Amino acid sequence: MTIETGLLILESILLIVTIILLIYSIKEGRGRKGLLLEVGKATKILTRQEYFLTVTDSMMDAKTEVIGAITGRLPAGDDRKRTQDVTANIERLAKNNVSVKYLLPKFPDRLHIGYLYTKAGAEVRYSGCAVVHDIRYIVVDEKLVVIGIPESTGEKEATKKGYRIPSEGLAVILKEHFYGCWDKNIRYEDYVKEVIKQTGTTTKSLARELQIDEEELEKLTKPSA
């Protein structure tokens, strides 16, 4: 075997080894990327859970009033349990004569949360105020504020993290903003009627689409005697 042949064989072996190492490197890179994605998902879940815990814990301290501007998106997955916790808090506060009021963006798909919170004892109105679409907060007794931060800009983005801020000054500012929108916007009950009238849908279809009790909708839309 000549030197040229030996070198050619050696180069071929090195090329094969390089290809094998490259394949393993690509697989490892994909595995690392998958792991980072899973860690990212877990972090988002934990921070969102932390936000809901901050909200419910803050509501526990309320003595006279809780007001809030929220997204009111239809809950899915783990959010169903978190929404149940908030609803249970609203029921407890209502029984203790604590006023609970929420502003939601004026979108038909937000009627589900309006239904749940109204049934629990809160007052709910639907707002066209631009700021309501971008900012999420609750104010407790003009002393405590919880501000929710979405992952990215837009009213369709879920709130990912919350900040608890004990500030009377900020509470007063947000309360003024809240009632500036509250007084000129539509109640949950009236918005249900408006949606049915504008879309031409039936109470049965709306109830099925938004997971709302059909009998409750029929009571709301029944003409007054």
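Trainee: Is Asn-97 buried or exposed?

Mentor: Asn-97 is exposed, because its relative accessible area is 71%. Exposed means over 50% relative accessible area, buried means under 20%, and partly exposed lies in between (1.4 Å probe, protein chains only).

Trainee: Where is the place of Asn-97?

Mentor: Asn-97 sits in the loop between α2 and β2 (99-105). Its phi is near 60°, a positive value in a residue other than glycine.

Trainee: What about Gln-211, what is its phi?

Mentor: Gln-211 has a positive phi of about 55°, although it is not a glycine. Gln-211 lies in the loop between α6 and α7. It is partly exposed, with a relative accessible area of 42%.

Trainee: Before we go on, what kind of model is this?

Mentor: This is a predicted model: local features need pLDDT of at least 70, side-chain atom pairs count only at pLDDT 80 or more, and totals for chains, interfaces and linings use all residues. Residues are numbered from 1 along each chain as its sequence is written, and side-chain values use heavy atoms, with hydrogens and water left out.

Trainee: How many helices and strands does the protein have?

Mentor: Seven helices and seven strands. Helices (H or I, at least four residues) and strands (E, at least two) are DSSP runs, numbered from the N terminus. The order from the N terminus is α-β-α-β-α-β-β-β-β-α-β-α-α-α.

Trainee: How much of the protein is buried?

Mentor: Of its 225 residues, 37% count as buried.

Trainee: Now packing. How do α2 and α3 pack?

Mentor: Helix α2 (residues 79-95) and α3 pack at about 30°, with their axes 8 Å apart. So α2 is roughly parallel to α3. Angles under 35 degrees count as roughly parallel, over 145 as roughly antiparallel, 65 to 115 as roughly perpendicular and the rest as oblique. The axes are lines fitted to C-alpha atoms, for helices over the stretch in contact, and angles run from 0 to 180 degrees between N-to-C directions.

Trainee: Which residues of α2 and α3 make the contact?

Mentor: From α2: Thr-83, Val-86, Thr-87, Ile-90, Glu-91 and Ala-94. From α3: Ile-113, Leu-116, Tyr-117 and Ala-120. Contact means heavy atoms within 4.5 Å.

Trainee: And how do the axes of α3 and α5 cross?

Mentor: The axes of α3 (residues 111-120) and α5 (residues 188-199) come within 10 Å and cross at roughly 145°. On the α3 side, the contact is made by Leu-111, Gly-114, Tyr-115 and Thr-118. On the α5 side, Tyr-188, Glu-189, Tyr-191, Val-192 and Val-195 make it.

Trainee: New topic. Where is the place of Thr-221?

Mentor: Thr-221 is in helix α7 (residues 214-221). It counts as partly exposed, because its relative accessibility is 28%.

Trainee: What does Thr-221 touch?

Mentor: Not counting residues up to four places away in sequence, Thr-221 touches Val-192, Lys-193, Ile-196 and Thr-203. Thr-221 and Glu-194 are 27 residues apart in sequence and 9.7 Å apart in space, C-alpha to C-alpha.

Trainee: You named Thr-203. Is Thr-203 buried or exposed?

Mentor: Thr-203 counts as buried, at 16% relative accessibility. Its place is in helix α6 (residues 203-210). With residues up to four places away in sequence left out, Thr-203 touches Ile-196, Glu-214, Leu-217, Glu-218 and Thr-221.
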